[in-house]
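Take a walk through this protein chain.

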Amino acid sequence: MITFEWPLKLLSMVVAAALWVYVINERDPLIIKAVRAEVRTVNVPEGLVVLSTNPSTVEVKLRGRRSALENAGKLVRVQGDLSGLSVGTHEVPVTVTRYPPGTEVVGGGEAYVQVKLDRETKARRPVIVEVRGLPAEGFQARAATAEPGTVEIRGAASLLKRVAKVAATIDISGMSASVHQVVPVEARDEANLVVEGIEIDPPQVTVDVPITRVNVKTVPVWPRLSDPAPGFRVAAVAVRPPTVVVGGAPPRLARLATIRTETLDISALTGTGTYNARLELPSGVRVLGPASVPGHNTRGQPAYRRRSR
């Protein structure tokens with residue numbers, strides 16, 4: 001006896017397929033996800049450079065399985081074609097050129113961004129070495145040098161106009177031996193701020209700072225004052241700092257007891273005054289630090305009082 005069970009088998013297959021679809025939709029449903037993607041510019045005309053892109057990112061909406069959209073932000077690529085454009089500001093259409101397999105773009109695929117183009121220029125500039133800090137006591141730093149001594153800067157013409165100097169900074173605080181170090185080079189403006197968007201070739205230079213031992217001595221500072229105002233005398237003098245560290249040949253340092261300041265004019269002082277005073281250094285003697293006394297207080301008071309009758 002032959003029986004035909006195909007209707008039952010067909011029903012089983014339909015139920016199994018429906019169950020599979022249900023499970024897939026529960027575990028990995030179809031969703032719509034919005035991601036932000038950076039706008040990339042392509043086909044920049046020769047001799048031009050992109051100054052800015054506004055906005056720099058756009059929102060793209062994708063539809064697909066949740067698993068396919070898990071890392072969508074890293075896989076989406078949006079670009080604007082700059083073919084045939086000239087110097088100036090342009091409204092550029094952007095398109096989505098790449099997105100995760102198994103997904104589709106459902107929004108944000110067509111947008112406009114504002115792109116500013118400028119002429120690309122280049123120039124050679126000397127490297128200025130900026131030395132920060134002081135070496136260890138008893139040591140002095142000589143003139144620093146950079147290798148190479150010049151670099152090429154390249155970028156938009158409007159940016160290059162802002163570059164006041166190209167600098168390499170090195171810190172020698174507490175050093176007791178010569179410094180040989182590779183440091184980055186920065187393009188800076190008149191306010192000593194970094195000018196962004198400038199390419200520097202090479203981006204690093206080797207800086208040498210010779211540091212040698214010197215003979216040093218700590219000596220007190222003696223202020224030199226003019227005569228006070230008529231009828232007044234100097235009541236008190238305070239010097240900050242009261243001593244300085246000087247270097248020089250041993251015979252010269254042996255004879256040095258004090259360091260005098262330049263003569264300060266106090267002829268009009270009738271109270272308390274603060275002065276900055278330059279130090280007068282003997283030949284062959286140098287100060288290891290600032291060559292001036294930043295704080296110098298002088299107080300004058302009457303030399304006598306008249307009695308009223």
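One stretch calls for care. Over residues 302-309, pLDDT stays under 50. The model has 7 contacts beyond four places in sequence for that stretch. Where pLDDT is low, the predicted coordinates should not be read in detail.

Now the overall build. The chain has 25 strands and 4 helices. Of its 309 residues, 29% are buried. Take the contacts between residues at least 6 apart in sequence: 72% of them join residues at least 24 apart.

Next, go inside. In soluble globular proteins, nonpolar side chains tend to be buried together. Here the largest nonpolar core holds 25 residues. Ile198, Val205 and Val207 touch the most other members. Several elements each supply at least two residues of this core, including β7 (111-132), β10 (150-156), α3 (157-160) and β15 (204-209). Another core lies apart from it, with 18 residues, among them Ala72, Val76, Val113 and Leu117.

Look at Ile198 itself. Leaving aside residues up to four places away in sequence, Ile198 touches Ile153, Arg154, Leu159, Leu160, Val163 and Ala187.

Of its 7 residues, 5 are buried, so β10 is largely enclosed by the rest of the structure. Strands β7 and β10 run antiparallel, joined by 7 bridges. In this pairing, Arg124 stands opposite Glu152. Strand β14 (residues 199-201) also runs antiparallel to β10, through 3 bridges. There, Arg154 stands opposite Glu199.

Finally, the backbone. Most residues other than glycine have a negative phi, and most peptide bonds are trans. Some places here depart from that. Glu147 and Pro148 are joined by a cis peptide bond, with omega about 0 degrees. Pro148 sits in the loop between β9 (145-147) and β10. The bond from Arg240 to Pro241 is cis too, with omega near -5 degrees. Pro241 lies in the loop between β18 (232-240) and β19 (243-248).

Two asparagines have a positive phi: near 55 degrees for Asn43, and near 70 degrees for Asn192. Asn43 is in the loop between β1 (30-42) and β2 (48-54). Its relative accessibility is 46%, so Asn43 counts as partly exposed. Asn192 is in the loop between β13 (186-188) and β14. At 36%, Asn192 is partly exposed as well.

Conventions:
Residues numbered from 1 in each chain as written. Predicted model: local features only at pLDDT ≥ 70, side-chain atom pairs only at ≥ 80, totals over all residues. Heavy atoms only, no water. Core = buried A, V, L, I, M, F, W, Y, C linked by side-chain atoms within 4.5 Å. Buried < 20%, exposed > 50% of the residue type's maximum accessible area, 1.4 Å probe, protein only. Contact = heavy atoms within 4.5 Å. Pairing = 2+ DSSP bridges. pLDDT = per-residue confidence, 0-100.
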